[in-house]
Amino acid sequence: MGTVTITINGQKVSAHAGQTVLEAARGAGIDIPTLCHHPALAPAGACRVCLVEVSGQRTLQPACTFPATERMEVQTESAKVVAARRFVLELIFSERNHFCMTCPMSGDCQLQELGYRYGLDHWVYPTYEHRFAVDASPAHHLLDHNRCVLCRRCVRACAELVGNHTLDLRQRGAQTMLCADMDVPLAESTCVGCGTCVEVCPTGALIEKRSAFMARPAELERIATTCSQCSLGCGLNVAMHRGQVLRLESLWEAPVNRGLLCRRGRFEALEDHRPRILAPMLNDGGERLPVSWEKALAEAAARLQATDPLRLGLMASTRMTNEALMLAKKIFLDTLNAGQRGMVDGVCATFPTAERGRLADLCASDAILLAGTDPSADQPVAAFLIKRAVDRGARLITAGKRPGELAAFAEMHVVPRQLEVAVDALLAAARPMVVYGSGLKKADRRTLQRLAGRARFLALQPGVNTRTASAVDVNGTLEPTGCDTLFVIAGEENGTMEALAAGIDRRSFVIAQACYDSPLAARADLLLPMATWLERSGTLTNTEGSLCRAHAALPPSGQSRPDWDILGRLAETLGLEDDPGLKRPERRTRRTP
Ligand code: SF4
Ligand code: SF4
Ligand code: SF4
Ligand code: FES
């Protein structure tokens, strides 16, 4: 890629050919104010706040869309530029409600910041007095039209990043309004509630309900970690205020998801109100008695050692960290030779001879076959990437007994007996990709095998760390009825515990390492309290094989401990403390600015 040299405010600046004046300036550390621009979105040139003087141009030009060309001379803060910016800001402030005192974004609003920067201390034009209704219909966020500056960041984010195209502007001039679909309330629209629009809005027009008015940005601390709600392992920031989690935010530099989060990852992950298990407990004739960690671990070790290996079972959550899974392998497979083992939520078989696909490949693919999985429900950020690929012209074919949500975006939906048709379509593509999940049947797998060597295959596994669990051989089939002692690492899965508990032989001694109370915890003879995903550090290997780092944002509640810490202490109690495989992670916290 060639470079060009331009002069900004008298300073020579190098830029890649094709970069805008704004990108060149920011690359050289020169600040040009913006409002409608967002680095994750294509430039729109909608607000004119970034106007600059460019040599040879009759009028001022928006730096965010104007290309930098060789020997160009640019002035970013000349008297003419400052006057034009003030004029633009006076017009924006004259419309709608920009009384900052009562706005939840005051102190974190780009418009307010520009007002201070350019000394706007009074209204030059009559203010627009019409009041618009607030759309508070979504579960987790609201849209206050009165604070909207029509920058279209939200419209572009919904289309370009989420591939959802819910938002747009209607009417023109002073009547222009943001709207969802055919102007329906957001809760009745095609909005999937991911909150990406909220994240990019520069004002208080789109705000999260939970954290509104709770804290000023200067008081926040952000800790980067990994979402554990599905197998993608999206990177995110935990915004903390005085030791409490305020909200979950996009981490734009996260390599897996590049700032995208779904409704579950951004909002619902903080809505788990199940009662926690806060101390080790022994079940004494139906009564749970709190015991010390030493006593609990000694009891667990004695039970495990006294059990016939063939009748010893390990049931592991696929939300465990890599460190915990390595320890589980060391204890249960290498030392105790547990004859039975399995995962709480299963695994989907892979195609060993096929080239492995990654999430980023979806964006470059020209034909995608989706089989045995519904990412809209299970891995929503993958669904966003698939919709983006369709926007760029990729063919999408969905396969399954019933069409999932993405079938609406597909060129065709085939039932399993028509899978050959989909395979033929993919064979004709240049960069085909198969995205599949645990719903794929054996016969379908045989049919898809024809694409090995031609297509990339991306497995959407059920859990955030299913890959490592499979790699350390915890993926056997477990029949809990055949165990004298069953050690269950229950993680935070919801809804599976009842069936699991019902399947356990009533004579089995059950040791459960768990975060929350559940039918399984009620059935357990010994309970070991475990820290949640927000309370533990470690690493995870997501469904595409990327190593994702988790950093504790909160200390473990009560006497609970991180998954790897419990297993490490159990290993020590079993006399394995000198084993080199027992290295445990430090408590690490990665703060982002
Ligand atoms: S809601 Fe926010 S992001 Fe959307 S147009 Fe209005 S100000 Fe811009
Ligand atoms: S929440 Fe997500 S889907 Fe809904 S309008 Fe915003 S960006 Fe679009
Ligand atoms: S797609 Fe999965 S990993 Fe990503 S934010 Fe949603 S639940 Fe979390
Ligand atoms: S930031 Fe350039 S026009 Fe809005």
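## Helices H2 and H3

Helix H2 (residues 79-94) packs against helix H3 (residues 110-117) at an angle of about 130°, and their axes lie 11 Å apart. This is a predicted model, so please read the geometry with that in mind. Angles between 115 and 145 degrees fall in neither the perpendicular nor the antiparallel class, and H2 and H3 are therefore oblique to each other. The crossing of H2 over H3 is left-handed.

On the H2 side, the contact is made by Leu-89, Ile-92 and Phe-93, while H3 brings Leu-111, Leu-114 and Gly-115. Five residues of this contact are nonpolar, one is polar and none is charged.

## Helices H8 and H17

Next comes another helix pair. Helix H8 (residues 322-335) and helix H17 (residues 563-573) cross at roughly 25°, and their axes come within 8 Å. Because angles under 35 degrees count as roughly parallel, H8 and H17 are described as roughly parallel to each other. H8 also passes H17 in a left-handed crossing.

Which residues in H8 meet H17? They are Glu-323, Ala-324, Leu-327, Ala-328, Ile-331 and Phe-332, and they meet Asp-563, Trp-564, Leu-567, Gly-568, Leu-570 and Ala-571 in H17. The contact of H8 with H17 has nine nonpolar residues, one polar and two charged.

## Around ligand 3

Finally, a look at a ligand site. The residues surrounding ligand 3 include the cysteines Cys-227, Cys-230, Cys-234 and Cys-262. Also around ligand 3 are Gln-229, Leu-232, Gly-233, Leu-261, Gly-265, Pro-380 and Val-381. By class, this shell holds eight nonpolar and three polar residues, with no charged ones.

Conventions:
Residues numbered from 1 in each chain as written. Chains lettered and ligands numbered in written order. Predicted model: local features only at pLDDT ≥ 70, side-chain atom pairs only at ≥ 80, totals over all residues. Heavy atoms only, no water. Axes fitted to C-alpha atoms, helices over the stretch in contact; angles between N-to-C directions. Helix = DSSP H or I, 4+ residues; strand = E, 2+ residues; numbered from the N terminus. Parallel < 35°, antiparallel > 145°, perpendicular 65-115°, else oblique. Left-handed = near helix turned anticlockwise from the far one by under 90°. Contact = heavy atoms within 4.5 Å. Nonpolar A, V, L, I, M, F, W, Y, C, P; charged D, E, K, R; others polar. Near = heavy atom within 4 Å.
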